[in-house]
Amino acid sequence: MSEVSPRRIVIVGAGPAGIRAAAMLVEARLHPIVIDEGHRAGGQIYRRPPAGFVRTPEQLYGSEAAKARALHALFDRLVEQGLLTHCAGSSVIAVHGGRLHVLGESGVQVISYDRLILATGASDRVAPVPGWQNAGVYSLGAAQIGLKAQGVALGRRIVLIGSGPLLTLVGAQLVKAGADVAAVLDTSSWRQQMGGFSGLAARPVVALRGLALRARLGRRYHAGVTLERIEADEHGVVALHWRDAGGRQQQTPCDMVGMGWHLRAETHLADLAGCTFTYDEQWQQWLPKTDEMGRAGNGVYLAGDGVRLLGADGAEVAGRLAAAACLADLRKLARVERFAGGLARAFPWPAAMVRALPDEAIVCRCESVTAAAVREGTDFGGSEANRVKSLSRVGMGRCQGRYCQLAAVELVAAQAGCESDAVGRFRGQAPVRPAPIGAFLRED
């Protein structure tokens, strides 16, 4: 693998996409910074409980336990070996001008980046149901977090509502953990679900796994329901009112409702980073626009459910692609930079010639300032570019120093017996282009 010039690359998100992107960058001998809201890497799908938690990965992740173990072990190894910087328990709250404002335990810090990979994942997509504002109503993701991170069910008698794979997955996980799940109510009808069969057949193992989870729910699962309202008293939820596929009125007593209609891409940071958005008719939401590798422009790359809702397996692939795109772009940039360096060495700035200008030579054509005047300004005011500018008027004309500044700095440095960088530069002044006074006058 060819060398890549060092750059500060920041990855936001340590789920499947972020972990795979980080691993590929490390393979290229780069040291990425990974910022994640979780205290331990894994993301939502492979969320890890606190240390000392007694449930096994098989109990937490089911058939995905091996994948979860592999990703966790990979990331932990990279951290332990000091191959990346992990900012755990940290949230990026703003993006501006190549800088991230990151909120952590010690407050807000600013982290700059040359390249940014956003692997922010997705959150629950919820639809308002009358009564959903009451205590005891959670998203499906919250119910899953409670189960994975703390080993608790968020209610004594639970009803889950919505549609999508997460609905049946969370229901099956709660049932397996011993929670009292009274009903799992899917607003998608059997006919609608069969309409997507041709697409689901593209991954038959995953589709069959979903059917197995649904079978585990048994009579708790109802398709094609109509949700009417969530009933609550002063203490919180007491029942869910709904109609079955046949239109019959139903009421299910409960003290907790979990709701969600698949996922909503988490796109706030992509928006702040200047990404372009398009409306996706299939998912009925605005999503960031990228190429097939995840390039979003301006040194920003997107991976995972934050750009395309493909699930954990798709996120791993997308993470690798985004990192590969980033590396390819950096290699191209490195070649261009090497070429530019060659140009600079082959055709250098004639500093010695400028420093040897005769006193009568005009340095600033706008103000007719000679080399002698610049040297006298240096002797009188010292080796500071802006002080010499004030004394000699060099750089104060129409061009605002565009043509004379570099030569003036060389003359000041030579007269003061120092290097050019010690002299400084002319400060920019408004207006930076000549403008008529009348342009600034307000008309009555």
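Let me start with contacts in the chain: among those between residues at least 6 apart in sequence, 63% join residues at least 24 apart. Contact here means heavy atoms within 4.5 Å.

A word on the source. This is a predicted model, where local features need pLDDT of at least 70 and side-chain atom pairs count only at pLDDT 80 or more, while totals for chains, interfaces and linings use all residues. Residues are numbered from 1 along each chain as its sequence is written, and side-chain values use heavy atoms, with hydrogens and water left out.

Now the overall picture. The chain has 14 helices and 23 strands. Helices (H or I, at least four residues) and strands (E, at least two) are DSSP runs, numbered from the N terminus. What is the radius of gyration of the chain? The value is 31 Å, whereas a compact globule of 444 residues would have one near 22 Å. That radius is taken over C-alpha atoms, and the globule rule is 2.2 Å times the number of residues to the power 0.38. Along the principal axes, the C-alpha atoms fill a box of roughly 100 × 65 × 45 Å.

Next, surface and burial. The chain exposes about 23,600 Å², and carbon and sulfur atoms supply 54% of that area. Accessible areas come from the Shrake-Rupley method with a 1.4 Å probe; for residues, only the protein chains shown count as cover. Buried residues make up 43% of the 444. Buried means under 20% relative accessible area, exposed means over 50%, and partly exposed is in between (1.4 Å probe, protein chains only).

On to the cores. In soluble globular proteins, nonpolar side chains tend to be buried together. A nonpolar core, for us, is a set of buried Ala, Val, Leu, Ile, Met, Phe, Trp, Tyr and Cys residues joined through side-chain atoms within 4.5 Å. The largest one here has 37 residues. Ile-9, Ile-11, Leu-25, Val-34, Phe-75 and Ile-117 have the most contacts inside it. Which elements give two or more residues to this core? They are strand E1 (9–12), helix H1 (16–27), helix H2 (57–61), helix H3 (65–80) and helix H10 (311–346). H10 supplies the largest share, 9 residues.

Look at Phe-75. Leaving aside residues up to four places away in sequence, Phe-75 touches Ala-14, Ile-19, Val-34, Ala-41, Leu-84 and His-86. There is also a second, separate core of 22 residues, which includes Val-10, Cys-87, Leu-116 and Ala-273.

Now the aromatics. Rings of Phe, Tyr and Trp (its six-membered ring) pair if their centres lie within 6.5 Å; planes under 30 degrees apart count as stacked, over 60 as edge-to-face and the rest as tilted. By this rule there are 3 aromatic pairs. Take Trp-190 and Tyr-221: the ring centres are 5.8 Å apart and the planes are at 65 degrees, so the pair is edge-to-face. This pair links distant parts of the chain, with Trp-190 in helix H6 (residues 190–195) and Tyr-221 in strand E12 (residues 221–223), 31 residues apart. Tyr-221 is buried, at 9% relative accessibility.

Tyr-279 and Trp-286 also make an edge-to-face pair, because their ring centres are 5.6 Å apart and their planes are at 65 degrees. Buried or exposed? Tyr-279 is partly exposed at 38%, and Trp-286 is exposed at 52%.

Arg-365 lies over the face of Tyr-403, 5.8 Å from the ring centre. The rule asks for NZ of Lys or CZ of Arg within 6 Å of the ring centre and within 35 degrees of the ring normal.

Now helix H12, residues 371–381. Its buried residues are Ala-371, Ala-372, Val-374, Arg-375, Gly-377, Thr-378 and Gly-381. They pack against helix H11 (351–355), strand E22 (362–364), strand E23 (369–370), helix H13 (385–392) and helix H14 (405–416). Just after H12, Gly-382 takes a positive phi of about 95 degrees.

From H14, take Gln-415. Gln-415 is partly exposed at 34%. Beyond residues up to four places away in sequence, Gln-415 touches Arg-375, Thr-378 and Asp-379. Gln-415 and Ala-21 are 394 residues apart in sequence and 53 Å apart in space, C-alpha to C-alpha.

Last, the backbone. His-262, in the loop between strand E16 (256–261) and strand E17 (263–265), has a positive phi of about 60 degrees although it is not a glycine. Gln-284 is not a glycine either, and has a positive phi of about 55 degrees. Gln-284 sits in the loop between strand E18 (277–280) and strand E19 (285–288), and is exposed at 57%. A cis peptide bond joins Ala-430 and Pro-431, with omega about 0 degrees.
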